[in-house]
Each structure stands twice: as structure tokens, then as C-alpha cells.
Amino acid sequence: MWQLTQTSEFLIDIGSSLANLVASFVIASFLGVLLGLVLGTMRFLSWLLEPAIHFFRAIPPVALVPIFVSLLGFGNETRILAITVAALFPVLISTIDGVRANDETLDMVSKVYRLTWSERLFQVTLPAAAPRILSGMQVSLIAAFVVMIASEMLGSSTGLGAKTLLAQQTFAIADMWAGIILLGIFGYLATFLFDLFRRRILRWYIAAQQQERQL
Amino acid sequence: MTHIHTSTTAPVIDRPVRLEVSALKKSYTTKKGDVPVIEDLTFDLRQGEIACIVGPSGIGKTTLLKCLAGLQPITSGQAMIDGNVIDGPPEELALVFQEYTRSLMPWLSVEHNVKLPLKHLHLPAEERRQRVTSSLEAVGMGDAAQKYPWQLSGGMQQRVAIARAVAYRPEVLIMDEPFASVDAQTRFELEDLCLRIREQFDMTILVVTHDIDESVYLSNRVIVLGQRPAKVTEIITVDFEQPRDQLTTRALPQFAELRSKVFELIRKAG
Ligand SMILES: Nc1ncnc2c1ncn2[C@@H]1O[C@H](COP(=O)(O)OP(=O)(O)OP(=O)(O)O)[C@@H](O)[C@H]1O
Ligand SMILES: [Mg+2]
């Protein structure tokens with residue numbers, strides 16, 4: 001294990017995994033929220049697309065990896081694409097739900113005070129949907145993590161997942177365990193950091209809920 | 001600050017019409033077909049006038065206010081504000097909603113809730129800040145600027161919603177049972193606040209209330225709604241001396257007379 005962690009190649013592996021995870025998660029969150037806002041507000045469009053969305057969501061994300069590999073080969077873009085697609089659906093669906101659940105009274109308040117388009121989006125719609133969006137992102141992050149590992153285990157030679165699988169195949173048991181433990185730490189840290197972020201954004205929501213419980 | 005001082009004794013009859021409702025009819029379209037709620041309403045409000053709408057629960061008071069605020073389409077007839085037909089939320093109007101626990105943004109502090117509608121009015125920063133502070137102080141919530149709505153009682157939330165409307169400085173202010181959830185003392189203070197902002201900003205104010213005494217105390221005219229679908233049963237002119245005072249005005253013999261008259265009409269209407 002010491003050996004493994006010593007090599008600079010190993011740092012490259014961690015870096016590669018991390019970069020893929022972060023990039024894909026950010027792209028997926030951004031696209032998911034954007035698409036979710038559009039579909040959540042435009043009834044007709046979502047009526048058209050919703051069956052397709054629910055079909056794709058039902059496919060286990062890991063099963064997508066071989067499809068992308070066969071279509072696009074083994075490059076890093078394939079991995080990013082697979083992780084992004086896996087992470088997209090939870091945010092997308094929770095954003096649609098969040099936008100639809102908008103409170104009617106606040107909607108009327110926005111109209112009466114003639115809030116501008118961007119004020120309504122950033123000061124009303126998005127904050128109101130934020131609790132759901134962030135729960136969706138939490139699920140997305142886990143999906144992204146799983147697919148990140150799976151994508152590295154299929155025909156890749158860089159990344160923590162690839163190294164762990166290689167170690168297992170070459171009976172480098174210590175390295176294999178080191179890889180698994182590192183993956184665990186990696187996953188734990190990712191969810192921990194995300195939770196900090198979530199708590200920061202949803203301070204008002206968490207505090208309001210605590211208040212409600214006390215009453 | 002502009003100081004508009006309307007002479008307190010000037011009869012509102014001489015002033016221009018701000019809000020004009022003529023033969024307004026409203027039906028809701030539901031799955032079971034059209035449900036008529038308002039049959040025929042005609043009244044107008046002159047600048048600087050306060051009118052109260054009273055009538056039994058479910059008669060269509062909130063529906064009327066939503067039509068005036070451009071939130072509900074009018075089935076036939078029309079409502080005009082400053083001579084313009086209302087077909088969407090008019091910029092001269094603010095509405096304080098009956099659902100006081102749901103009309104503030106829980107993710108914004110009290111101060112930012114009041115400030116939000118002012119952003120697109122392009123006021124100088126100083127004036128914006130001043131409006132926020134003074135209207136919060138006027139409703140007795142000056143100390144709560146940094147608090148969040150969920151840290152406040154229902155009555156306090158309603159006061160913030162009133163402050164938000166006052167800071168917006170609409171020409172026409174409409175309030176749907178605004179003082180229903182506050183204690184008696186605060187209620188008197190808010191009634192006087194209402195009289196004061198009319199005086200200070202020459203606003204035209206329309207208030208829905210269930211409190212007959214309140215309607216007589218506040219109003220130049222009390223509009224009594226009755227029957228289903230709703231019609232104007234009667235419009236009662238209240239011509240006490242201004243300014244009014246919680247103790248002396250309420251002790252006037254005409255006050256007692258008017259409140260029995262309103263009471264009688266509502267009872268017949270229900
Ligand atoms: N969106 C709607 N669709 C169909 N019917 C409605 C709708 N909103 C209100 N109504 C009906 O219209 C009638 C009048 O309702 P409204 O809320 O205007 O009464 P109100 O006089 O404000 O009552 P309250 O004094 O209890 O607030 C009621 O019978 C109500 O059920
Ligand atoms: Mg009502």
C-alpha cells in the first residue's frame with residue numbers, strides 16, 4: 001500500500017478520477033436544473049418528453065457504460081459522458097418536481113408586485129425548488145460516483161477504479177485493498193463536502209423545519 | 001420626501017376616480033361547468049378614499065380582489081384603474097393577501113422581503129433603504145428586519161406583508177382581511193396606520209374585513225355584499241370628521257347607528 005501511494009502515477013489516477021467526477025457532476029447539475037426549469041414551466045413540452053425521461057431513468061446507470069463504450073470507444077470523453085448521463089436524471093426529475101410544487105400564493109405575490117422574469121427565477125422559483133433540487137443532486141452524486149468507478153473498470157487504464165481492478169487481477173492484494181479503501185474515503189469525502197454545500201444553501205429551510213418540529 | 005397634505009376635511013367626492021368597477025361579473029370555470037360567484041358589482045373609489053367591503057364568508061370578496069389585482073380574468077363588465085382597463089396586474093396596485101402565513105418568501109429575511117418588489121422600481125439606493133426601514137417601523141417590526149418569516153408569529157408575518165405593500169407605495173392599496181390575526185391592541189394600531197398612510201401618501205385603500213366596527217371606523221364608504229352570486233346590497237357613506245380617533249370616533253352616536261345598519265344589512269345578506 002505504501003508503494004502504491006508513493007508513486008506519482010497513483011496521484012495521476014486520483015486526479016483523473018476526481019476530475020471526471022467533478023466535471024461530470026457539475027455539468028449534470030447545471031444541465032439538469034436548466035432542463036428541469038424549462039420542463040417544469042412548460043407543460044406541453046414536458047408532456048411530450050416525460051415518457052422518454054422516465055424510460056431512460058429506469059435504466060440502471062451502470063448498464064449505460066457498455067453502450068457508451070461500444071458507441072464512442074474507450075476514451076476519457078466516454079467516461080465523462082457516462083457519468084454525466086447517470087447524474088443527470090435525478091437532478092432533472094427533482095427540479096421538475098420542485099418547480100411544479102411552487103406555492104400558488106407566492107406566485108400571485110410575484111405577479112402583483114410585477115417581479116421581473118429574472119427576479120422570479122432567481123428569487124422565487126429557484127429558492128422554492130432548492131430543497132428538492134439539492135436532494136436530487138445528492139442522489140446524482142452517488143450515481144456519478146458509481147458510474148465513475150464502473151467506467152474506469154471497463155477498458156480504462158487510468159483512474160482509481162482501473163487500478164483497483166488491475167491490482168485484483170494481478171493478485172496484488174494489498175494494492176487492491178488500498179484501492180478499495182481509497183475509493184471508500186473518496187466517496188465519503190465527496191458526499192460529506194456536498195452535504196456541507198447543501199446545508200449552507202438550505203440554511204433557511206433546515207432552520208424553518210427545526211422550528212416547525214419544535215412547535 | 002414629498003409631503004402631500006390633503007386637507008383632512010375635504011370631501012372625497014370632489015376627487016378624481018381611481019378605481020372604477022362597472023357591472024363586474026365573475027364565474028369560475030370548473031370541471032362541473034361555470035360557477036357564477038359575482039353577479040353584478042358596480043362601485044368606484046376616489047383618490048384618497050378608504051372603502052371597506054363586508055359580506056358573509058364565501059360570498060366572493062377574495063375573488064373580487066383577485067379580479068381587481070389582475071390575477072383572475074373578469075367574466076364580463078370591467079374594472080378600471082386610472083381609466084385603464086385591468087387585464088393583468090396593474091403597476092399602480094398592491095395587494096395584501098388573506099393567506100398571511102404563505103405570502104412571504106421564507107428564504108428571505110424580513111428586510112429583503114420588503115425590499116424585493118422595490119428592486120425593479122429603480123429607486124436611488126438611499127430611498128429604497130429608507131422606505132424599507134420606515135415601513136417596517138410603521139407596522140412595529142423595525143427590530144425584526146434581520147429575522148426570517150418562520151421566526152415570526154402569524155400576526156407579525158402579516159404586518160411584514162403590510163409593510164411590503166406600504167413600501168411599494170401603490171396608488172391603490174388592497175387588503176384582504178389584513179388585521180384578522182393580530183391582537184386587539186395591534187389591530188387598533190394597524191387601523192390607525194392605514195388612516196395615516198392614506199393621509200401621508202394620498203393612497204386609495206380598499207379593505208375586506210369581517211369586523212363591522214372596523215369597517216365603520218376606517219371607511220369613507222362601506223360596501224356591503226350579499227346574495228349568491230354576489231351583488232352590492234348597499235353602499236353606506238360614513239361621514240365622520242377626520243382625523244378619526246379610536247376612542248372618540250367609536251364613542252360617537254352615529255358610530256353606533258352605522259354599525260347597527262351594517263350589521264342589519266349583513267344579516268339580511270347572509
Ligand atoms: N379558483 C376557484 N375555482 C372555483 N371556485 C372558487 C375558486 N376560488 C374560490 N371559489 C369559490 O368562490 C366562492 C367565493 O370565494 P371567495 O374566496 O372569494 O370568498 P370570500 O368572500 O373571500 O370568503 P372568506 O370570507 O371566507 O374569505 C366560494 O364559493 C369558493 O368556493
Ligand atoms: Mg376571502
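Select chain A: this chain has 10 helices and 0 strands, where helices (H or I, at least four residues) and strands (E, at least two) are DSSP runs numbered from the N terminus. The model is a predicted one, in which local features need pLDDT of at least 70 and side-chain atom pairs count only at pLDDT 80 or more, while totals for chains, interfaces and linings use all residues. Residues are numbered from 1 along each chain as its sequence is written, and chains are lettered from A and ligands numbered from 1 in the order in which they are written.

**Chain A as a whole**

With chain A still selected, the order of elements along the sequence reads α-α-α-α-α-α-α-α-α-α. The C-alpha trace of chain A spans about 70 × 45 × 25 Å along its principal axes. Colour the chain by burial: of its 215 residues, 36% are buried. A residue is buried if 20 or more other C-beta atoms lie within 10 Å of its own, exposed if 12 or fewer, and partly exposed in between, with C-beta atoms placed from the backbone. Among the contacts in chain A with a separation of 6 or more, 77% are between residues 24 or more positions apart; two residues are in contact if their C-beta atoms, placed from the backbone, lie within 7 Å.

**A helix pair in chain A**

Next, select residues 8-41 and 160-169 of chain A, which are helices α2 and α8. Their axes lie 8 Å apart and pack at an angle of about 130 degrees, which makes α2(A) oblique to α8(A). Axes are lines fitted to C-alpha atoms, for helices over the stretch in contact, and angles run from 0 to 180 degrees between N-to-C directions. Angles under 35 degrees count as roughly parallel, over 145 as roughly antiparallel, 65 to 115 as roughly perpendicular and the rest as oblique.

Show side chains where the two helices meet: D13(A), I14(A) and S17(A) come from α2(A), and L160(A), G161(A) and K163(A) from α8(A). By class, these contact residues comprise 2 nonpolar, 2 polar and 2 charged. Ala, Val, Leu, Ile, Met, Phe, Trp, Tyr, Cys and Pro count as nonpolar, Asp, Glu, Lys and Arg as charged, and the others, Gly among them, as polar.

**Where chain B touches chain A**

Now display both chains. Their contact takes 18 residues from chain A and 20 residues from chain B. On the side of chain B, these divide into 14 nonpolar, 2 polar and 4 charged residues.

Centre the view on ligand 1. The residues around this ligand include Y28(B), S57(B), G60(B), K61(B), T62(B) and Q98(B); a residue is near a molecule if its C-beta atom, placed from the backbone, lies within 6 Å of it. Two or more residues each come from β1, β2 (33-46) and α1 (61-68) of chain B, and α1(B) gives the most, with 3 residues. The shell holds 4 nonpolar, 7 polar and 1 charged residues.

**Backbone details in chain B**

Move to A23(B) in strand β1 (residues 17-30). A23(B) is not a glycine, yet has a positive phi of about 45 degrees; the residue is exposed, with 11 other C-beta atoms within 10 Å. Then select R169(B), in the loop between α4 (154-168) and β7 (172-176) of chain B. R169(B), also not a glycine, has a positive phi of about 50 degrees and is partly exposed, with 17 other C-beta atoms within 10 Å.

Finish at P229(B), in the loop between β9 (221-226) and β10 (230-237) of chain B. The peptide bond from R228(B) to P229(B) is cis, with omega near -5 degrees.
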